[in-house]
Amino acid sequence: MNRFTTGIITGLRYLFLVASVAGALALTFYLYRAFFVPEQPADVITLNVRQRPALDWETELGQMQDARQQLAGRDSALLLPRSRSFVLVQHEASAARRLALRLVNAEPQSVPRVVAALLFCWLVYRILRDLRPGQPFAPANVRRLRWLGVLLIGCDVYYWLAHWWLSAYLADAAAGLTPVMDFGSSLVANWLIGVLLLLVATGYQRGVELAEDAEFTV
Amino acid sequence: MPIIVRLDVMLARRKMSLSTLAAAVDITLANLSILKSDKAKAVRFSTLEAICKALDCQPGDLLEYVPGEGPIAHDDG
């Protein structure tokens with residue numbers, strides 16, 4: 001490990017440490033607001049939703065063709081609404097459901113997303129902290145890499161479950177409503193990165209075993 | 001491990017201390033202590049050769065196979 005690599009690792013380590021502290025502070029703030037300072041009256045919840053007009057595929061295609069014909073020969077633009085964002089404010093009798101909805105739909109970030117980001121930053125910080133010059137294989141990092149993989153897979157599982165639950169909940173409120181959720185917006189699916197991390201952890205574990213063997217080779 | 005290192009026996013026979021051997025074979029005292037206390041997982045041929053030369057003995061004088069002294073370490077790969 002040369003000085004350049006050591007410098008990058010040290011820089012990243014402090015970056016993730018700062019991100020972890022910021023995440024912990026943000027989480028404290030969100031939980032405090034959710035439990036002690038709800039912005040709405042006691043039995044009211046606010047949800048960010050998107051509504052897609054209830055059009056069948058042929059009608060939508062027809063609208064697009066009409067728009068293209070209107071634009072033909074003219075240098076202008078036409079905006080066709082496909083979905084609109086709304087804030088749904090409604091009564092919710094169940095206190096547990098109210099709390100769950102506030103945590104899942106908190107602004108500007110949902111609480112589970114803040115928790116996931118905090119755990120991610122903390123795990124990466126701990127992994128980088130144990131990478132020392134001449135000792136790239138730390139036994140504890142195998143466990144941390146596995147947790148990182150499980151965390152990313154868990155993020156996708158959470159997203160699918162929360163989206164399914166919120167969609168079912170919103171179906172009672174109005175037709176065509178879908179929840180606005182910002183989980184799982186990365187280029188590659190979180191679960192795929194998680195699986196790759198689990199594979200890397202297995203390879204890393206073999207490195208740890210080889211390093212231990214070399215340590216006791218005379 | 002069923003392979004027992006008899007380095008202490010040979011050192012006693014030759015009336016040599018561990019630190020003297022370490023100096024003679026150019027191996028750190030810590031590494032020789034690992035070998036002597038049976039904590040070593042592997043021994044290089046070069047190390048074995050140097051110890052045999054310094055103690056004027058055969059590898060069989062230093063290593064002994066004792067069945068039932070614990071599980072054999074298998075390589076996973």
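Visitor: How many residues of chain A are in contact with chain B, and what makes them count as a contact?
Guide: In this predicted model, 8 residues of chain A are in contact with 14 residues of chain B. They count because contact means heavy atoms within 4.5 Å.

Visitor: What is the area buried between chain A and chain B, and which residues of chain A lose the most?
Guide: About 890 Å² is buried between the two chains, with carbon and sulfur atoms giving 53% of that area. On the chain A side, A:Phe216, A:Thr217 and A:Val218 lose the most area to chain B, together 72% of what that side buries.

Visitor: Why are α4(A) and α5(A) called roughly antiparallel?
Guide: Happy to walk through that one. The axes of helix α4 (residues 111-129) and helix α5 (residues 139-171) of chain A come within 10 Å and cross at roughly 160°. Angles over 145 degrees count as roughly antiparallel, and therefore α4(A) and α5(A) are roughly antiparallel to each other. Their crossing is left-handed.

Visitor: What makes up the contact of α4(A) with α5(A)?
Guide: From α4(A), residues including A:Leu119, A:Phe120 and A:Leu123 meet a set in α5(A), among them A:Trp147, A:Leu148 and A:Leu151. The residues of this contact divide into 13 nonpolar, 1 polar and 2 charged. A:Arg126 in α4(A) and A:Arg144 in α5(A) take part, and they go in the charged group because Arg counts as charged.

Visitor: Which residues of chain B does the annotation "domain: HTH cro/C1-type" cover?
Guide: According to the unreviewed UniProt entry, that annotation covers residues 13-62 of chain B. In the model, this span is 66% helix and 0% strand, and its end C-alpha atoms lie 12 Å apart.

Technical notes
Residues numbered from 1 in each chain as written. Chains lettered and ligands numbered in written order. Predicted model: local features only at pLDDT ≥ 70, side-chain atom pairs only at ≥ 80, totals over all residues. Heavy atoms only, no water. UniProt positions renumbered as here; feature names shortened; annotations may be inferred. Helix = DSSP H or I, 4+ residues; strand = E, 2+ residues; numbered from the N terminus. Axes fitted to C-alpha atoms, helices over the stretch in contact; angles between N-to-C directions. Parallel < 35°, antiparallel > 145°, perpendicular 65-115°, else oblique. Left-handed = near helix turned anticlockwise from the far one by under 90°. Buried area = accessible area lost by both parts, 1.4 Å probe.
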